[in-house]
Each structure stands twice: as C-alpha cells, then as structure tokens.
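Hello,

The structure we discussed is below. My notes on it follow.

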Amino acid sequence: MLGFLTARQAGLDDPLRLRRAESTRRVLSLTLNPDREVDRIHGNGINTIDIEVVEGRYMLSGGADGVIVIYDLENYSGKLHYTCKSVCTVGRSNRYVHKFSVETVQWYPYDTGMFVSSSFDKTMKVWDTETLKPAEVFEFEGNVYSHHLSPIARKHSLIAVGTKDPKIHLCDLKSGSRIQVLQGHRAEILSVRWSPRYEHILATASADSKVKVWDVRRASGCLFSLDQHNGDKSKAASEAVNTAHNGRVNGLCFTGDGLYLLTTGTDDRMRLWNSATGENTLVNYGKVSNGNRKKLQFAVSRGCGPEFVFVPCESSVAVYAVHTGELVSTLRGHYNNVDCCELHPDYQVPTSQFGSAARSSTLEVKTVTSWRGFLSFAPQMWRTSQKVQIRLPGPRLQ
Amino acid sequence: MNRKRALISDTFKVKKRRNGTQKFGAVSDGDGPTDIRSTLEYLATLFPRKLFNDSLPQIVLKHQLYSIHDDKTLVDKELNKLREQGELLMFQLGFDADAFGLVFAADYKSKVLAGEDGRATRATVERFLAKLLSPCTELSFSKDKMLKEFLFTDSEITQLVKSGVLTVRDAGSWWLSIPNSGKFTKYFIQGRKAVLGMVKKSKYSEVLKAELEERRTTSHVKFHMKYHIHDIVGAELVESIPTTSGTLLRFVDS
C-alpha cells in the first residue's frame with residue numbers, strides 16, 4: 001500500500017488506482033465494529049434501508065411495523081464510541097404513517113428533501129422530509145413489494161412500482177400520473193431496478209421465475225427476458241425454458257457501471273448477466289441460500305479492484321467476487337436473518353441491521369476503517385421485541 | 001519491479017497470507033488445464049463397477065468436482081471444453097434439477113454397444129451414437145431435431161427409447177440417458193440419504209471426514225464412502241470446515 005501512496009504522490013500512478021486499491025483492501029478486511037451503534041427505534045424487523053447519494057450522511061430505514069426512521073451517520077462527537085442518532089421518525093403516532101409494513105424506502109436521488117416509501121398497505125407515499133407529511137399518495141390494488149427511482153434520470157421522473165399484480169406501474173413524480181403500465185409478467189413482481197447506465201432501461205423480477213428488461217419508451221413489450229440456459233433449450237426441463245431461475249426471482253442489482261446485472265432466486269442460486277445482451281455469464285457462485293418470500297435487497301461494491309457483491313444469506317452477509325464467483329468472506333454479527341444490505345458510497349462500513357425474533361432490531365455496522373459503508377438489514381418476523389439494541393459501527397479512526 | 005505491471009490484487013496477496021486464517025487439513029489443488037480430467041478419472045475409479053455387473057459406464061456427478069476444486073466457474077468452463085471436444089458426455093440424471101452426470105464418451109459408447117449386442121435395435125443405436133459423438137453437447141432432443149437433423153423416423157425413435165438411450169421428457173422431446181441407469185439412481189439416492197443421516201445423527205450434526213470414511217456402512221450404502229462424501233460436499237448439503245484435526249463435515253440445515 002505504501003508503494004501505491006508513493007506512486008500517487010510522485011505522479012507515477014493515476015489517482016484512481018490508489019482509490020481502487022484502498023477500497024478493495026478495506027472490503028477484504030471488513031469486520032464487525034463494536035464502537036458504533038445505531039439508535040434503536042424499530043420495534044420489529046427492519047425491511048429496507050437506503051443511504052442518500054449526495055453526502056452519504058443520512059440513512060432511511062423502513063420497518064415491519066410501518067415506521068420510517070431517518071438516522072444521521074456522521075460522528076461529530078469526537079469520541080470513538082458513538083451511537084448514530086435518529087434525526088426524525090414517522091412513527092405510529094403520525095397521521096400519515098403506513099398501516100402495514102414498509103417494504104421499500106428510497107431517498108430522492110438528487111437531495112434529501114424528499115423520499116418515497118411503499119408498503120403492504122397498498123400505497124406508495126412521497127414524503128416531504130421537512131414536514132414529514134406525504135406530498136403525494138399513490139394507491140394500488142395489491143401489496144407493493146418494491147419501487148425504484150432512477151438514480152441518473154434527467155429526462156423523466158418515473159418511479160417503477162412492483163406489486164402483487166403482474167403489471168409494473170410507472171408513476172410520474174412531476175405530474176402525479178400513473179397511466180403507464182408494463183405488461184408481460186405472469187405473477188407478482190418482487191423487485192424492480194433502473195439501470196445506472198441508461199435512464200430508460202428497467203429490469204424487473206417476478207415470482208414466475210422470469211426477469212425482463214424493458215425500455216420504457218417502447219410501447220410494445222419488453223426488450224428481452226433473461227434465460228438461464230442462454231437459449232439452449234435442451235438443458236432445462238420443458239417448464240423451465242426461458243426462465244432466469246428455477247424458482248421465484250427476488251433480488252436484482254446492477255453493478256456500478258450498469259454493464260452487468262445480478263439476480264438471486266429461491267432456487268438458492270445467484271446469476272450474473274450481461275445487461276446489454278441478456279446473456280448468462282455462467283459464473284458459478286455455488287449455493288446462495290435464499291428463503292425470502294419478499295424481495296431481497298443486496299449491494300455491489302463500486303470502485304473496487306475486483307468488484308464484490310454482498311448478499312444476505314440467512315443470518316450473515318456473504319461476500320462474493322462478482323466475476324469469478326468465489327466466496328471471499330462471510331460477515332457475521334447478526335443474530336437473526338438478514339434482510340437487506342446497502343453499501344455506503346464513502347464509508348466502507350457495512351452496516352447490517354437485523355431484527356431477531358427474540359431480540360429487537362439492531363443496526364450493526366461492520367467496519368475496518370471508515371470509507372465505504374455497507375448496510376445490511378435483516379427482515380424481522382412479527383414478534384414483540386424485547387430491548388432493542390442497535391449497535392452501529394462507525395468508522396474507526398486510525 | 002515494473003510499476004506498471006503491479007496488479008491491485010498483488011497488494012492483497014501478502015496481506016492475506018499474513019493476516020488470513022491458516023488452512024488446516026485442506027489440500028489445495030493446482031488448477032491446470034489437465035487437472036479436471038485427472039480428477040474425473042480419479043472419481044471414476046470410486047464408482048463401483050461390480051455392483052452393476054459392468055453393464056454401466058463409470059458415472060461421475062458434476063458437483064463432485066466442486067468438492068475438489070475451489071473455483072466452480074473454472075470447473076464449468078473446463079467441462080464445457082471437454083464436452084465440445086467430444087470426450088465427455090453430460091446427462092440430466094432426473095432426480096435433481098442440478099444433478100448432472102458425466103461419462104467419458106468412449107466408455108459410454110462401448111458399454112451401450114455391449115448392451116445392445118444381439119438385439120434388433122443395435123443398428124439404430126449405432127447410428128445414433130455416431131451422430132451423438134460428432135460431437136454433440138445437447139442434453140435433450142426435440143422431435144423436430146430428431147426428424148430433421150438426425151433423420152430418424154418415428155419407429156426408430158421408439159427403438160431408441162426402448163433401448164434406454166433416450167428417456168421421455170415431455171410430449172415430443174427426450175432426454176439423453178444411460179441405459180440401465182435406474183438401479184444406479186436408486187442406490188445413489190439411498191446411499192446419499194444414509195450418509196447424510198449418519199452426519200446428522202452425530203453429536204452436533206458434525207463429523208470429521210476421516211472418521212466418516214472409517215465408519216462401517218449399512219447395507220443401504222452400496223457405493224464407496226468417498227464417492228458419497230464428494231457428492232454431499234459438492235452439492236453443499238454439508239459444510240466442509242478445515243480444522244486442526246482434518247476436515248470437518250457439518251450438516252447444513254436448509
């Protein structure tokens with residue numbers, strides 16, 4: 001590492017090289033940080049988290065009890081041991097709180113003035129962070145499993161929503177309309193994701209074992225459907241032809257550059273696809289256990305040497321190298337099933353939040369050094385929690 | 001040292017070795033291009049030929065290779081290469097969507113023809129085998145393909161099914177299969193269940209690999225213990241943990 005620093009200093013190396021080397025080193029040496037804790041607000045499980053893109057300072061979390069909490073991840077106290085406080089909450093006493101569990105939360109990609117949450121009470125609410133009142137409420141006919149706002153969109157402000165219906169609704173933030181519908185799937189849509197490379201490309205995963213990639217400007221059907229056998233009809237049983245997985249597909253994540261797409265399914269497999277052609281790259285990750293009936297939120301690192309994918313696997317987070325498929329490490333620390341993980345862009349601190357049936361939801365941050373944060377959350381089963389203790393590892397000052 | 005050549009991953013090799021966990025009891029294999037073939041040959045020796053009176057070729061399961069080599073993607077790539085060269089054949093065994101059986105093409109041909117000796121269907125089977133080893137990397141065939149590409153008639157297809165080379169997949173398509181492999185599948189599933197049961201019933205559901213190999217097998221386990229161990233480790237039905245006393249196999253609750 002000193003070699004990299006000297007080379008950077010002398011101008012022999014590109015600055016990007018040092019950054020990449022350092023972020024890879026941090027990811028490879030991730031451990032649970034005992035010094036950071038996160039305020040425990042959620043009584044039950046935490047279903048989803050999101051860190052804002054602009055500063056990486058504020059984190060949203062949505063719980064199984066319908067509560068939404070915003071945390072401040074920065075440590076200004078000067079002390080090593082720090083508890084990340086919650087800035088504000090949309091608690092049960094709020095008039096506009098969701099009635100059932102919140103499934104997805106996402107910050108507005110350009111600033112923290114707004115965030116969108118969707119829940120099993122069949123609504124999606126666009127909240128004003130200042131007043132904590134919903135500026136817009138979209139209602140649907142089925143439970144909303146997932147929604148996503150494009151992080152790079154300039155020409156449109158569409159929110160893609162996946163519900164129990166086999167249709168994908170596109171809701172427009174600017175006009176409040178929700179006329180556009182994408183048809184093609186045959187069962188509930190478990191996950192939707194916009195491409196981080198092209199603002200009109202959307203990928204959707206459904207319980208009918210298919211993953212479809214759409215261009216929202218096109219009026220007729222999807223661009224293509226991902227096929228795990230790459231068109232080789234002889235490999236599969238006849239019902240499994242043209243499917244992405246041999247079970248429900250419940251997790252979708254694009255890599256940072258948008259060139260590849262990772263999908264996870266209840267057949268305990270994770271697959272890497274070329275997002276331009278839909279070809280299965282046939283990287284074999286082995287068994288990636290997945291028992292989720294809802295969507296699985298996982299994260300891919302950005303800017304590391306070999307890219308890493310962090311997938312929640314039962315009560316730990318498994319780290320795989322994206323292109324070779326080898327299991328790099330397993331991050332243990334949660335007491336119960338992990339539901340979602342999110343990577344903080346600047347702090348290589350994986351935070352996992354989980355709610356256990358016996359204990360309460362905890363938010364744990366694993367870190368070695370500050371830089372990239374990683375948050376993983378565990379889904380919680382509906383049980384009355386005992387004392388919830390949230391430990392959020394903060395960046396260790398070295 | 002040429003700075004330009006230094007890869008980012010090189011920086012981590014030193015760090016990993018210093019701080020990484022020691023590997024106890026685990027033997028790492030150098031992965032060269034010919035190593036997959038030698039692993040296949042080694043696993044084939046574990047297959048019991050006497051049990052089936054030499055009527056079956058030696059079958060190795062694809063996931064048994066995963067238990068020996070670390071990099072699954074590399075194993076897959078090498079297998080595909082061997083299949084494209086026409087030296088290896090892959091079969092969908094039927095009891096699991098992921099369980100694929102591998103047989104050397106020469107073995108397969110000789111056993112099938114030996115089984116067809118004196119039967120009327122021999123000629124059709126010979127023709128089919130010639131087309132198959134041309135080389136063909138498909139696991140199943142649809143009616144279209146059989147009629148047009150391979151130029152077989154309906155009655156000939158029936159003959160192939162009767163001889164066991166094709167098994168019904170659904171209306172109008174067939175899996176490639178090994179004749180008389182029903183007994184193999186039955187004994188294999190029985191043996192797998194018995195071995196998994198042995199691991200599960202042990203204290204803490206874990207047992208040292210060396211100890212498991214030493215154990216007396218019940219009459220349910222007809223194959224060599226090592227064959228079953230490679231199978232359950234490769235299929236990730238048990239976790240393989242390196243310890244100071246050797247490799248430990250722990251049952252995975254799923």
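**Rings and helices in chain B**

The charged end of Lys222(B) lies over the ring of Tyr187(B), 4.9 Å from the ring centre; the criterion is NZ of Lys or CZ of Arg within 6 Å of the ring centre and within 35 degrees of the ring normal. Lys131(B) has its charged end over the ring of Phe152(B), 5.7 Å from the centre.

On conventions: this is a predicted model, in which local features need pLDDT of at least 70 and side-chain atom pairs count only at pLDDT 80 or more, while totals for chains, interfaces and linings use all residues. Residues are numbered from 1 along each chain as its sequence is written, chains are lettered from A and ligands numbered from 1 in the order in which they are written, and side-chain values use heavy atoms, leaving out hydrogens and water.

Tyr187(B) also belongs to a cluster linked by ring pairs, with Phe47(B), Phe52(B), Phe95(B), Phe184(B), Phe188(B), Phe223(B) and Tyr227(B). Rings of Phe, Tyr and Trp (its six-membered ring) pair if their centres lie within 6.5 Å. Phe184(B) and Phe223(B) are both buried (under 20% relative accessible area, 1.4 Å probe, protein chains only).

Helices α2 (residues 35–46) and α4 (residues 72–84) of chain B pack at about 85°, with axes 10 Å apart (helices are DSSP runs of H or I, at least four residues; axes are lines fitted to C-alpha atoms over the stretch in contact, with angles from 0 to 180 degrees between N-to-C directions). α2(B) is therefore roughly perpendicular to α4(B) (65 to 115 degrees). Ile36(B), Arg37(B) and Leu40(B) of α2(B) contact Val75(B), Glu78(B), Leu79(B) and Leu82(B) of α4(B) (heavy atoms within 4.5 Å).

Regards

Conventions
Helices (H or I, at least four residues) and strands (E, at least two) are DSSP runs, numbered from the N terminus. Angles under 35 degrees count as roughly parallel, over 145 as roughly antiparallel, 65 to 115 as roughly perpendicular and the rest as oblique. Buried means under 20% relative accessible area, exposed over 50%, partly exposed in between (1.4 Å probe, protein chains only). Rings of Phe, Tyr and Trp (its six-membered ring) pair if their centres lie within 6.5 Å; planes under 30 degrees apart count as stacked, over 60 as edge-to-face and the rest as tilted.
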